[in-house]
Amino acid sequence: MSKVVIIPLGTISPYTKNDMNCPGYLIKYNNKKILLDCGNGITRLLSFPNDLENLNVIITHYHKDHFGDLGALQYASYVYHNLGLLSDKIKIYIPENDFAFNKKSIVSNNESFAEYFNISNNFKITIDDLEITFYNNESHSIESYMVKIQNTNFKIIYTSDIGTTNFDELINFCKNSDLIICESSFLKKHNSNCKTHMTAYDAGVLAKKSNSKQLLLTHFWPEEDKKLYLEEAKQIFKNVVVAEEGKMLVL
């Protein structure tokens with residue numbers, strides 16, 4: 001079985017701080033690469049032009065902390081192609097419905113060597129033997145897609161930004177996963193009434209109720225100690241890891 005390498009490039013939101021970036025995860029499988037979101041700062045952890053080869057970029061929704069570095073990535077593809085160092089266009093998957101003209105600004109970028117594909121609810125694509133499914137849980141403040149990456153050997157879930165209003169559907173989507181990369185924007189101590197994001201405790205409940213094997217917490221508030229997220233999730237689910245920029249996982 002080919003190994004899957006998962007590299008966190010950005011783990012905090014809504015702004016960068018010190019050596020931490022906004023959301024982004026690079027998955028390497030065979031000779032293909034899948035970039036889950038492209039938040040502010042993540043390009044400084046990519047290796048150019050190598051990481052542009054066979055690159056598939058998935059933008060889960062049109063909040064800028066999730067695609068803030070996409071313009072830099074597009075321009076890099078344009079320059080390296082003109083230099084003869086990139087032969088195939090990068091593939092960029094974006095939500096079909098525009099929000100605040102963000103989609104229009106992305107696809108109208110002429111200084112880019114890329115092709116664009118629409119994401120819609122339950123849309124599926126295939127990369128090698130990977131089936132990738134997109135699902136809008138309708139629990140974030142705008143249209144936002146969870147991503148399921150699976151083959152006969154493993155299942156990985158990237159929740160992107162989600163809330164708790166449709167928790168049963170969320171559990172079903174994550175059922176029996178090998179890994180859930182789950183947002184945990186808040187801690188219980190924040191006493192937030194926000195229903196469009198989750199706490200670390202919520203993430204632990206999700207992992208336990210979905211019978212998943214491992215939980216990778218992400219999407220932290222920049223000013224909080226990540227250890228607090230780990231402690232809170234472990235109250236309900238034991239196999240928890242806190243995402244750190246550049247610290248890879250291998251399945």
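The structure is a predicted model, in which local features need pLDDT of at least 70 and side-chain atom pairs count only at pLDDT 80 or more, while totals for chains, interfaces and linings use all residues. Residues are numbered from 1 along each chain as its sequence is written, and side-chain values use heavy atoms, with hydrogens and water left out.

Asn54 has a relative accessibility of 29%, so it counts as partly exposed; buried means under 20% relative accessible area, exposed over 50%, and partly exposed in between (1.4 Å probe, protein chains only). Which residues does Asn54 touch, if those up to four places away in sequence are not counted? The partners are Asn31, Lys32 and Lys33, where a contact means heavy atoms within 4.5 Å. Asn31 is 23 residues from Asn54 along the chain, and the C-alpha atoms of these two residues are separated by 7.1 Å.

The peptide bond leading from Phe48 into Pro49 is cis, with omega near 0°.

Strands E3 and E4 belong to an open sheet of seven strands, whose order is E6-E5-E4-E3-E2-E1-E14 and whose pairing is mixed. Two strands count as paired if DSSP finds at least two bridges between them. Which strands form the edges of this sheet? They are E6 (114-119) and E14 (249-250), each of which pairs on one side only. Further inside the listed order, E1 and E2 run antiparallel and are joined by six bridges.

The peptide bond from Ser13 to Pro14 is cis, with omega near 10°. Asn18 is found in the loop between E1 and E2 as well. Although Asn18 is not a glycine, its phi is positive, at about 55°. Is Asn18 buried or exposed? Its relative accessibility is 65%, so Asn18 counts as exposed.

Another residue with a positive phi of about 55° is Asp128, again not a glycine. Asp128 sits in the loop that connects strand E7 (124-127) and E8. With a relative accessible area of 37%, Asp128 is partly exposed.

The last stop is helix H3. In H3 (residues 167-174), the buried residues are Phe167, Leu170, Ile171, Phe173 and Cys174. Why do they line one face of the helix? Looking down the axis of H3, these buried residues fall within an arc of 165°, so they line one face; the arc is taken from the directions that run from the helix axis to the C-beta atoms. The face turned away from the buried side carries the exposed residues Asp168 and Asn172.

Definitions and conventions. Helices (H or I, at least four residues) and strands (E, at least two) are DSSP runs, numbered from the N terminus.
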